Amino acid sequence: MSFSRSRINLSVFFFSIRDFILNKLKRQKNKTHDFTECVDGSDYVFEVAPEAKKAYMTAQGKGVKPGDYIVLQIDSESKKYQVEQIDYYSNPSDMWIGLIKKVTDD
């Protein structure tokens with residue numbers, strides 16, 4: 001009887017761990033990276049892409065990933081973009097280039 005009780009306790013334990021991990025993954029939200037105090041051409045490079053409302057941005061900073069948001073100061077206005085694709089350079093390892101898409105305010 002104690003053997004079956006141990007199996008039940010182990011099952012409950014593993015299900016609890018699984019639920020904890022799944023909930024933690026669900027709670028991870030996209031981060032917003034504020035570049036409004038940075039200078040285009042000096043701290044980062046911003047190039048408009050051929051596709052409408054998209055651009056390429058090169059900058060330094062760890063932790064930027066697809067789905068994250070970038071806030072830039074363009075023509076004295078804050079503009080929000082979402083990272084669609086990103087590639088990190090090998091040297092320096094925190095330098096990246098990303099395809100970003102303008103987020104429209106609804």
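Two strands pair if DSSP finds at least two bridges between them. Strands (E, at least two residues) and helices (H or I, at least four) are DSSP runs, numbered from the N terminus.

The close-up views show a predicted model, in which local features need pLDDT of at least 70 and side-chain atom pairs count only at pLDDT 80 or more, whereas totals for chains, interfaces and linings use all residues. Residues are numbered from 1 along each chain as its sequence is written, and side-chain values use heavy atoms, with hydrogens and water left out.

**View 1. The hairpin of strands β4 and β5.** Strand β4 (residues 69-74) runs antiparallel to β5, and six bridges join them. Two residues lie between the strands of this hairpin. Asp75, in the turn, has a positive phi of about 50°. Leu72 has Lys79 of β5 as its bridge partner. In a regular strand, side chains alternate between the two faces of the sheet.

**View 2. The hairpin of strands β5 and β6.** Strand β6 (residues 95-102) and β5 pair in the antiparallel sense, over seven bridges. The hairpin connects the two strands through six residues. Tyr88 has Trp96 of β6 as its bridge partner.

**View 3. Aromatic pairs.** Rings of Phe, Tyr and Trp (its six-membered ring) pair if their centres lie within 6.5 Å; planes under 30 degrees apart count as stacked, over 60 as edge-to-face and the rest as tilted. By this rule the count comes to three aromatic pairs. One of them is the edge-to-face pair of Phe35 and Tyr44, with 6.0 Å from centre to centre and 80° between the planes. Phe35 and Tyr44 are both buried (under 20% relative accessible area; exposed means over 50%, partly exposed in between; 1.4 Å probe, protein chains only). Ring pairs link Phe35, Tyr44 and Trp96 into a cluster.

**View 4. The ring pair of Phe46 and Tyr81.** The planes of the two rings stand at 65° and the centres are 5.6 Å apart, so the pair of Phe46 and Tyr81 is edge-to-face. This pair links distant parts of the chain, 35 residues apart: Phe46 belongs to strand β2 (residues 44-48) and Tyr81 to strand β5 (residues 77-88). Phe46 is buried because its relative accessible area is 19%. Tyr81 is likewise buried, with a relative accessible area of 7%.

**View 5. A lysine charge over a tyrosine ring.** A charge sits over a ring if NZ of Lys or CZ of Arg is within 6 Å of the ring centre and within 35 degrees of the ring normal. The charged end of Lys80 sits over the ring of Tyr69, at 4.4 Å from the ring centre.

**View 6. Salt bridges.** A salt bridge is a side-chain nitrogen of Lys or Arg within 4 Å of a carboxyl oxygen of Asp or Glu, and by this rule the count comes to three. Lys54 and Glu84 meet through their side chains at 3.0 Å, N to O. The pair links distant parts of the chain, with Lys54 in strand β3 (residues 54-60) and Glu84 in strand β5, 30 residues apart. Glu84 counts as partly exposed, at 32% relative accessibility. In the salt bridge of Lys65 and Asp68, the N to O distance is 2.8 Å. Lys65 is partly exposed, with a relative accessible area of 35%, whereas Asp68 counts as buried at 0% relative accessibility. Glu77 forms a salt bridge with Lys79, with the closest N and O atoms 3.6 Å apart. Glu77 counts as partly exposed because its relative accessibility is 44%.
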